[in-house]
Amino acid sequence: MDSLSLNSFSPLDPQNFSEESKMVVDFISEYYKIVEKYPVRSQVEPGYLNHLLPDAAPYCPEPLETILKDVSDTIIPGITHWQSPNFFGYFQGNASTAGFLGEMLCTGLNVVGFNWIASPAATELESIVMDWVGKMLMLPPSFLFSGGGGGVLHGSTSEAIICCLAAARDNALKKIGPDKITKLVVYASDQTHSTLQKASKLVGIPTSNFRCLPTSFSNDFALCPDDVRMAMAKDVREGGLVPFFLCATVGTTASGAVDPLEALGKVAKDFKVWLHVDAAYAGSACICPEFRHHLNGVELADSISMSPHKWLLTNMDCCCLWIKEPKIFVDSLSTYPEYLRNSASESKVVIDYKDWQIALSKRFRAIKVWVVIRRHGVDNLMFHIRSDVDMAKRFEAHVAEDPRFEVVVPRRFALVCFRLRPKQEEDETELNTRLVMAVNGSGRAFMTHAVVGGIYVIRCAIGSTLTETRHVDCLWKLIQEKADNLFLEKPGLDMED
């Protein structure tokens, strides 16, 4: 302990950095080689780590070799392996070599580009990359910097939606008065991601002013424009309320449903409300021409977000948000403390991304997206999407061939919602819950569930980077095996013919 001198402490020594970074890269490379062998869902019990790690931080430095051994022995067992080819739960968190290299550059350069002078390249590359991705999605020019709009990279859709809600709220209050916030109403469907409801509370919208409109099998769980129109009209007529925000989704979490953007856009226009399009999951697919029609009508929206970290081979975290009128956004989110004043910002000819987000600090995410697009090219990114969709079609066909199972809602992208069909409906939830638990408990695959139209469905979300056709086929065999066991355990539980 006494031999540790301050003079020997060099936390960013270039030679040591190179050597130890290679050790970590090799560690991760080996992990990917064997990730398929791990139980997909962690098998540990709550609190397991408290028994394995000391209750106080080390006083002296420890060798990286010791730390990496502890990662293997104590951390890896507690990980649910999102990069496993047998991970079919939630929506995937994509990874790729290019995404990792871009993240290395982002982390290694470690710039904090909150305004232009803090790192001009970070700001300018972000604006260029956002126009690149916007053009890949064939967004209207009004969403691009080159067309008077603009985009920003956030960490998640949650952050993007909070910022959009804040901008829409402030824009509405300018018209009706700052004391009328309790009059503002948000509209969504019962399939809209829960982050919208949380964001609404965070920006001060009363819970009673959140309209969660029901969907149904009749329109494949899409938000019905007529229902939105009637709800808004009723709020205006009977409650003296002010509709101000409508969220449409392209690829809902529960079932992959797609809301009709054009028709909803017309309703939003009639009531002068902000229309946001949440395309976090399925937006990536829309770089493929055969899926682009799902964004038809986006020209009527005020903002749109999608998350490359879900399906576009960009490691966490990364969410693209485009705004049609950046001035409204900046007016709501900007601050001008003296310590950040500078001639470039005052000239108004540069972008200060601190005024496009919640935080002041900003990661150099743009370099990660830039590397991903350049290393893969749009052609390979489209191949990646199409390959996942083809595997989902294959899984869907497996389900259709077994009369014990059914696909519950139409597949649009790479999410298949299915269930094991009991003869008596009252047994349906219990039966499928047990099936999911059996599959996940085996460690050989991981899936999650949802409830749509009152029906418990099992979600098979295909999209992990390492997943191949053989993994999809093995998943189906595992599901059939566990279903067989369920009926052997409970022979009185009949299936439909």
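This is a predicted model: local features need pLDDT of at least 70, side-chain atom pairs count only at pLDDT 80 or more; totals for chains, interfaces and linings use all residues.

The crossing of H1 with H2 is right-handed. On the H1 side, the contact is made by Glu-20, Met-23, Val-24 and Phe-27. On the H2 side, Leu-64, Glu-65, Leu-68, Val-71 and Ser-72 take part. Sorted by class, the H1 and H2 contact has six nonpolar residues, one polar and two charged.

The next pair of helices is H7 and H8. H8 spans residues 261–271, and it packs against H7 at an angle of about 15 degrees, with the axes 9 Å apart. That angle makes H7 roughly parallel to H8. H7 and H8 also cross in a right-handed way. From H7, the residues in contact are Pro-225, Val-228, Arg-229, Met-232, Ala-233 and Val-236. They meet Ala-263, Leu-264, Lys-266, Val-267, Asp-270 and Phe-271 of H8. By class, that contact has nine nonpolar residues, three charged and no polar ones.

Now to the charged pairs. Side chains of opposite charge can pair when their charged atoms come close. How many salt bridges does a search of the whole structure find? The search gives 29. I will go through three of them.

In one, Glu-103 pairs with Arg-363, and the closest N and O atoms are 2.3 Å apart. Glu-103 sits in helix H3, residues 97–109, while Arg-363 sits in the loop between helix H11 and helix H12, so the pair ties together parts that are 260 residues apart in sequence. Is Glu-103 buried or exposed? Its relative accessible area is 16%, so Glu-103 is buried, whereas Arg-363 is partly exposed at 30% relative accessibility.

Another salt bridge joins Arg-412 and Asp-220, at 3.4 Å from N to O. Arg-412 lies in the loop between strand E8 and strand E9, and Asp-220 in the loop between strand E3 and helix H7, so this pair ties together parts 192 residues apart in sequence. Asp-220 is partly exposed, at 28% relative accessibility.

Arg-404 is in the loop between H12 and E8, Asp-484 is in helix H14, residues 469–489, and the two are 80 residues apart. Arg-404 is buried, with a relative accessible area of 15%, and Asp-484 is partly exposed at 37%. As for networks, salt bridges that share partners join Glu-103, Asp-317, Arg-363, Arg-365 and Lys-368 into one.

Last, a single residue. Phe-329 lies in helix H10, residues 326–333. At 0% relative accessibility, Phe-329 counts as buried. Which residues does Phe-329 touch, not counting those up to four places away in sequence? They are Cys-163, Cys-164, Ala-167, Leu-321, Ile-323, Asp-355 and Trp-356. The C-alpha atoms of Phe-329 and Ala-168 are separated by 8.2 Å, although these residues are 161 residues apart along the chain.

Key:
Residues are numbered from 1 along each chain as its sequence is written. Side-chain values use heavy atoms; hydrogens and water are left out. A salt bridge is a side-chain nitrogen of Lys or Arg within 4 Å of a carboxyl oxygen of Asp or Glu. Helices (H or I, at least four residues) and strands (E, at least two) are DSSP runs, numbered from the N terminus. Buried means under 20% relative accessible area, exposed over 50%, partly exposed in between (1.4 Å probe, protein chains only). Axes are lines fitted to C-alpha atoms, for helices over the stretch in contact, and angles run from 0 to 180 degrees between N-to-C directions. Angles under 35 degrees count as roughly parallel, over 145 as roughly antiparallel, 65 to 115 as roughly perpendicular and the rest as oblique. A crossing is left-handed if the near helix is turned anticlockwise from the far one by less than a right angle, and right-handed if clockwise. Contact means heavy atoms within 4.5 Å. Ala, Val, Leu, Ile, Met, Phe, Trp, Tyr, Cys and Pro count as nonpolar, Asp, Glu, Lys and Arg as charged, and the others, Gly among them, as polar.
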